[in-house]
Amino acid sequence: MTQLALVIDLNVCVGCHACVTSCKQWNTSGPAGFMSDDNPYDKDPNGTFFNRVQSFEIGEFPKTEMVHFPKSCLHCEDPPCVPVCPTGASYKREEDGIVLVDYDKCIGCKYCSWACPYGARELDEHQKVMKKCTLCVDRIYDETLPEAERKPACVLACPTSARLFGDVHDPDSQVSTAIREEGGYALMPEWGTKPANHYLPRRKQHIKIHEDELIRADNPLKKEGVKPRTIIDEPTLDDITSW
Amino acid sequence: MHPAFSVIFLTTLIGAGQGLFLALVTGQSYAAVGLVNVTNPNEFYTYGSIVAILFLIAGLGASFFHLGRPERAWRSAARWRTSWLSREVIVLPIFMSMVFAYGLLHYFNWDPNILGAEQPLQGQLSLFIGIIGAVVCFALFLSTGMIYACMKFLQEWYTPLTVINYTLLGSASGFMLATLHAAIYEPGLTSLYGVWATIITLVALLTRLASLYRNARIKYKSSMQSAIGVRHNNIDQKAMGMMGGSFNTREFFHGASPFWFRSIRWTFLIMTFPVPLAFLWAGLETGIQVFLLLAFISQYLGLIAERWFFFAQANHPQNIYYQAI
Ligand code: SF4
Ligand code: SF4
């Protein structure tokens with residue numbers, strides 16, 4: 001089984017919102033209809049987005065760190081939003097695990113948004129149907145696009161490559177390797193939703209140098225310094241012996 | 001959560017309609033075994049059913065205002081296998097047609113004794129329909145309550161008390177209404193309904209207090225730490241990703257001041273329980289029907305406040321992500 005997902009590297013994300021704007025651009029121009037905005041350039045701007053970047057300050061001044069945190073639908077493997085939908089408009093695709101809303105069936109009852117612990121769904125104020133990230137399902141399979149571009153718009157837009165895309169059920173994929181080797185984790189694991197999207201934590205590279213690695217106890221010359229070089233004109237052991 | 005008036009009216013109106021129907025069937029069962037004597041069954045049950053149906057229709061009408069796309073509402077019966085909302089959508093019209101059939105049988109006095117005429121039990125067909133209707137009625141209470149009680153991360157709702165309170169509060173208001181209805185059409189039954197209304201209201205007070213007690217002591221499973229996966233006690237949100245608000249900030253926050261929030265709690269506790277009981281007592285003692293009307297109205301208003309509080313009190317885990325501008 002395939003489960004497509006995003007892996008977001010919080011170590012790399014700089015909070016530039018490029019994924020937000022490219023997501024909006026791609027999806028508002030798509031066949032599924034626009035994502036409405038009210039007062040976009042005015043007081044109280046308001047609109048539908050699939051993806052938002054939030055910023056958190058961790059720690060206490062002066063030891064603080066900013067974590068920029070992009071959040072969209074996590075395409076849970078056990079999505080609580082799907083069974084509650086009374087119309088069947090919300091569904092999870094068998095073939096690739098993408099959770100989608102059929103905008104032609106949705107009655108806009110908002111029940112699924114209540115059932116998503118992550119707040120990943122937004123009701124479109126004008127179309128009055130529930131919207132959420134589609135993992136660019138209209139793009140990743142589009143054979144008219146060059147192979148390299150068959151990825152979600154946010155992944156392509158990210159200037160720091162903080163967003164990886166792939167099949168988390170394939171152990172050799174780039175995303176699975178990243179989750180396994182870089183400490184990838186899921187959000188709110190306490191609800192058993194098994195989000196497919198993962199996050200890679202902030203991590204620092206430390207190298208540990210012990211005292212005895214700087215001053216070698218077994219230094220034969222008993223003195224730090226440049227080691228004597230071999231004299232190049234003299235024959236080496238290999239030159240004078242043979243066996 | 002943000003309390004939506006469409007849902008508040010839906011749940012309180014159908015609750016009263018369901019309770020009234022239960023009261024009618026209770027009355028008929030008492031009469032069937034000869035505990036009470038209904039002198040004017042035709043009018044009493046027919047008009048009662050009409051009032052119950054009007055409440056149900058009003059509730060159904062209110063529910064449409066909750067939908068973004070009401071013209072597609074028929075689709076919502078599709079997922080009854082998994083969705084309690086779908087089940088409610090199916091059970092509500094079944095219940096309405098049961099009430100309708102029940103009223104119709106009484107209106108036409110068409111009540112054959114299907115078990116045989118020599119039975120002591122009379123009026124068997126309508127009693128049967130009434131009892132099946134009562135079962136459907138409880139199924140409707142269950143579906144309505146489970147819509148909320150099945151969501152495990154809305155921890156305030158995730159308890160059997162949710163279903164119990166919906167059932168008891170709906171029944172209480174229905175029996176209150178039945179007391180008034182009996183006072184007008186069948187005075188002999190007034191005190192029967194009055195006593196039941198009192199009992200149900202008192203039991204509902206206990207279970208509602210139990211849920212308030214429980215909810216005041218909830219330990220939330222999700223935290224800022226589990227929400228973004230950072231282990232640090234000091235996490236301060238600096239940006240929500242938007243400045244003008246969004247669906248997430250509108251739908252999941254009640255937006256009322258702490259003072260208003262607390263006042264609503266006191267309002268519903270007073271208006272749903274002691275006030276209607278006092279009016280009910282006054283009405284039963286003096287026989288003045290206006291008191292019984294006031295008892296129902298005050299309890300109904302109390303229930304609107306109760307439902308508002310029920311929604312506002314629920315704390316959705318997604319709110320963790322929305323703490324700053
Ligand atoms: S993140 Fe929310 S909307 Fe997306 S699949 Fe999980 S529960 Fe459903
Ligand atoms: S809002 Fe639409 S997708 Fe969500 S539960 Fe209701 S019908 Fe289903």
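In this note, Ala, Val, Leu, Ile, Met, Phe, Trp, Tyr, Cys and Pro count as nonpolar, Asp, Glu, Lys and Arg as charged, and the others, Gly among them, as polar.

1. A word on the basis first. This is a predicted model in which local features need pLDDT of at least 70, side-chain atom pairs count only at pLDDT 80 or more, and totals for chains, interfaces and linings use all residues. Residues are numbered from 1 along each chain as its sequence is written, chains are lettered from A and ligands numbered from 1 in the order in which they are written, and side-chain values use heavy atoms, with hydrogens and water left out.

2. Let's visit ligand 2. The shell around ligand 2 holds nine nonpolar, three polar and one charged residues. There are 13 residues around this ligand (one heavy atom within 4 Å of it), and C85(A), S90(A), C106(A), C109(A) and C112(A) come nearest.

3. Now turn to ligand 1. It is surrounded by 13 residues, with C73(A), L74(A), C76(A), C81(A) and C116(A) the closest. By class, this shell has 10 nonpolar, one polar and two charged residues.

4. Is S176(A) buried or exposed? S176(A) counts as buried (under 20% relative accessible area, with exposed over 50% and partly exposed in between; 1.4 Å probe, protein chains only) because its relative accessibility is 8%. S176(A) sits in helix α4 of chain A, residues 174-181 (helices are DSSP runs of H or I, at least four residues, numbered from the N terminus). Beyond its neighbours within four places in sequence, S176(A) is in contact (heavy atoms within 4.5 Å) with D167(A), V168(A), H169(A), D170(A) and P171(A).

5. Finally, look at chain B. R262(B) belongs to helix α9, residues 258-272, and is partly exposed because its relative accessibility is 42%. R262(B) and F309(B) lie 47 residues apart in sequence, with their C-alpha atoms 9.0 Å apart in space.

Conventions:
Helices (H or I, at least four residues) and strands (E, at least two) are DSSP runs, numbered from the N terminus.
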